[in-house]
Amino acid sequence: MNDLRDKREDCPGRSVGSIFWKEFVKGLVISNPVFILTLGLCPILAVTTSIDNALGMGAGVIFVLLCSNIIISTLRNATPSLVRIPVFIVVIATFVTILSLIFEAYIPALHQSLGIYLSLIVVNCIILGRAEVFASKNPVLYSIADALGIGLGYTIALFIISFLRETLGTGGLNVFGFQLFSLPVLSEHPLTFFISSPGAFLVIGLLMALFRWIGVVKCE
Amino acid sequence: MLKKMMSNGAYPVVFLTLIVLVSVGLLSWMNSITSSVVKARQEEKIKSVLESIFPEITGFDTEEEIYITYGGEEILGYAFITEGSGYGGDISILVGLDVDYNIKGVEILSHTETPGLGGRITETGFTDQFKGLGADDVALSKDGGKVDAITGATISSRAVVEAIQGSMIEIIEKLNSR
């Protein structure tokens, strides 16, 4: 959990661009929110049953994370530490509700299939975690990089998990109504185990092992 | 200036209140924009489903949550929306009845069932089974009715069937007492 701690002050000699890039890239693999930080796992079990849901959820998390990181970082010097958590929650909940209203009005199918998990982004620990650990202590620009990196890392994780679960569990892949492919034997006898929650645990566990291994290789 | 303000004991209270006020303002503004879109879409959806169940429809009236569909001057049938409690949440179903109170068509408006299992209640293979059934026959085959449950999704299937049967009996009573 070391990478959760902020190390911004130790690298004064580096250019803004390289810090921005570093904060962005770290979310993708070495501190991937799902596989390495293991944050926000609960909605993953629920929404990775199909690629559509996973991408919709990923987009939602990126939007909320970006907006809340910007606001919280902007207000970081004015926010009294006594009420910082309530402030974070209000900011996050506001953006989640905005997102939910937009989805309901303009992408009803996605709003329908994400259901309760869309509103539950409020309590997704990735967003509160990034607010507390990063945005409340860092300038706006780096907070944007952090939000994009972590958000994209989350989306990539959702994408990989849902790709495997949908392919194995239904024997084919449908993206926003278009059938990408349908496997010959699997579509007639799909492994429905992978669509259910235990299947999600198995897929996440294996991927987590893979990402940890990649992370270890990279750090050495 | 900011430091001096922040040392005041009331500052946290004022700050949080301001944040909440901004949030409330923003959300009510967003809601006023989107709520009309959502409402229009729901009506649109109901209309298109009614058209698919009653192809000859020229118009419809609503009376105590019952949709009365007309083809010209003649009554084509009735429709109602019912809610079932499925495996993953509420299932909203629109049911169309002909003038003899047999089912003319069933359409799942919304659900949160598991894709690939309970989610298959939206498929025509399941919903077409209801066509022509009277209230007594709307039950799963294993419960003595005429609807086959989806393999691996008995809870979802039963939720649909029971919601339809329950509301159908009520609606028919209402229609008869008119």
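This report describes salt bridges and aromatic pairs in a predicted model.

**Salt bridges**

Over all chains, the count of salt bridges comes to nine. Three of them are listed here, with the distance between nitrogen and oxygen.

| A:Lys26 | A:Glu23 | 2.6 Å |

B:Lys131 has a relative accessible area of 49% and is partly exposed. B:Asp128, at 39%, is partly exposed.

Elsewhere, salt bridges with shared partners connect A:Lys22, A:Glu23, A:Lys26, A:Arg130 and A:Asp146 in one network. A:Lys26 is buried, because its relative accessibility of 11% is under the 20% cut-off. A:Glu23 is also buried, with a relative accessibility of 3%.

**Aromatic pairs**

The number of aromatic pairs over all chains is nine. One of them is formed by A:Phe63 and A:Phe95, whose ring centres are 6.4 Å apart. The planes of these two rings stand at 85°, and an angle over 60 degrees counts as edge-to-face, so this pair is edge-to-face. A:Phe63 is in helix H3 (residues 51-74) of chain A and A:Phe95 is in helix H4 (residues 84-106) of chain A; the pair thus links distant parts of the chain, 32 residues apart. A:Phe63 is partly exposed at a relative accessible area of 28%, whereas A:Phe95 is buried at 14%.

Another aromatic pair, in chain B, consists of B:Tyr78 and B:Tyr101, with 6.0 Å from centre to centre. The angle between their planes is 45°, and the pair is tilted. B:Tyr78 is part of strand S3 (residues 74-85) of chain B, while B:Tyr101 sits in the loop between strand S4 (90-98) and strand S5 (103-110) of chain B. The pair therefore ties together parts that are 23 residues apart in sequence. B:Tyr78 has a relative accessible area of 7% and is buried. B:Tyr101, with a relative accessibility of 18%, is buried as well.

Methods. Residues numbered from 1 in each chain as written. Chains lettered and ligands numbered in written order. Predicted model: local features only at pLDDT ≥ 70, side-chain atom pairs only at ≥ 80, totals over all residues. Heavy atoms only, no water. Salt bridge = Lys/Arg side-chain N within 4 Å of Asp/Glu carboxyl O. Buried < 20%, exposed > 50% of the residue type's maximum accessible area, 1.4 Å probe, protein only. Phe/Tyr/Trp six-rings, centres within 6.5 Å; stacked < 30°, edge-to-face > 60°. Helix = DSSP H or I, 4+ residues; strand = E, 2+ residues; numbered from the N terminus.
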